[in-house]
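Hi,

Here is the structure I promised to pass on. Have a look at it first, and then read my notes below.

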Amino acid sequence: MTMTKLNVVLAVLLLIVVCLTGSLDTDLSQPNYEFLPNMKRSAASSAFATNAVFSNGRTLQAPVAGTIARGDLPLYYAPTKEDAIRAGDELINPYTPASGAASAPQANNNAAEQASPPVVASDASQAALDDAAKSVDSARPDPATLLQDSVQRGSQVYNIYCISCHGATGTGDGPVAKRGFPPPPPLPTGKSVQMNDGQLFHILTYGQGSMSSMAAQLSRERRWDVINFVRSLQQNATPPVATEPGTAATPTEPTAPETQPSDAQESKP
Ligand code: HEC
């Protein structure tokens, strides 16, 4: 077939298609025929669709009052100094071995469970229990290793999120502070040395003075990690007298902004 003949055939075909399309009685107000409608419309309600089953007519229901999302234990603290101190008394660093016993990261809130009294048992079954306990203990990761790993992760977190203000060694000489931001107090030697871990957790969660909350950037696990890293900075710090007597960073008390901790707290802590 020559090129011209092919073109003629194609032109005729095109004409037929155009005529057929024009002759179709299309009602634009009606949806087209749906082939396999279940592909588009599933039996399950979609989240924001109306729903006759519930009295409020919605599919998406608010959680029942008091519901706690899995892995998301609520914190009952306000962004105030008093609550920071209370957090220091109440919150347990999951990496702190509780009275010598290995406490895994999850032991955060259930340290008490570990101290359940032994059940009375016959000698034989007691021996079996002891054996079982021993094998559980040996399977449990060594707390020192857990802490070491946490410090390691914390140093990465620190280098990403804190170094800009607090500086590489925590003395408060980060680039941001050098360009006019109120210099943070020194972490290795300042007040934070005396604070409990829980108070540091509160500071990271709710902010303090001109430092804003880090809760949106750091999960709780990462906050504990960076706290453990700050502790390691403090342990490695030589006594304040011997170090940096006159560095650019002002290793003074955090005097100026005694404002209440920042209220930029929309994000879930
Ligand atoms: C935008 C700069 C900035 C960043 C980023 C920042 N901080 Fe701060 N931080 C400050 C300032 C400023 C203060 C002093 C706040 C006040 O009390 O007025 C402070 C205070 C603190 C304190 C309390 C110290 C004390 O002696 O009262 C701790 C602990 C702390 N920061 C840890 C961290 C950690 C850990 C990170 C990273 C996850 C971090 N900060 C990120 C600026 C910052």
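This is a predicted model: local features need pLDDT of at least 70, side-chain atom pairs count only at pLDDT 80 or more; totals for chains, interfaces and linings use all residues.

Some notes on the chain as a whole: it has 269 residues, of which 23% count as buried. Taking the contacts between residues at least 6 apart in sequence, 63% join residues at least 24 apart.

Now to the start of the chain. Helix α1 has 21 residues and spans 30 Å from its first C-alpha to its last, close to the 30 Å expected at 1.5 Å a residue. The number of buried residues among those 21 is zero, so α1 lies largely in the open.

Between α1 (3–23) and α2 (37–40) there is a loop, and Leu36 is found in it. Is Leu36 buried or exposed? It counts as exposed, because Leu36 has 7 C-beta neighbours inside 10 Å and the cut-off for exposed is 12 or fewer. Its backbone is worth a look too: phi of Leu36 is near 50°, a positive value in a residue other than glycine. Most residues other than glycine have a negative phi.

Finally, the ligand. It is surrounded by 26 residues, and the closest are Cys162, Cys165, Pro184, Gly209 and Met211. The elements that give two or more residues to this shell are α6 (163–166), α8 (197–206) and α9 (220–236). By class, the shell has 18 nonpolar, seven polar and one charged residues.

Best wishes

How values were computed:
Residues are numbered from 1 along each chain as its sequence is written. Helices (H or I, at least four residues) and strands (E, at least two) are DSSP runs, numbered from the N terminus. A residue is buried if 20 or more other C-beta atoms lie within 10 Å of its own, exposed if 12 or fewer, and partly exposed in between; C-beta atoms are placed from the backbone. The expected span of a helix is 1.5 Å times one less than its number of residues. Two residues are in contact if their C-beta atoms, placed from the backbone, lie within 7 Å. A residue is near a molecule or strand if its C-beta atom, placed from the backbone, lies within 6 Å of it. Ala, Val, Leu, Ile, Met, Phe, Trp, Tyr, Cys and Pro count as nonpolar, Asp, Glu, Lys and Arg as charged, and the others, Gly among them, as polar.
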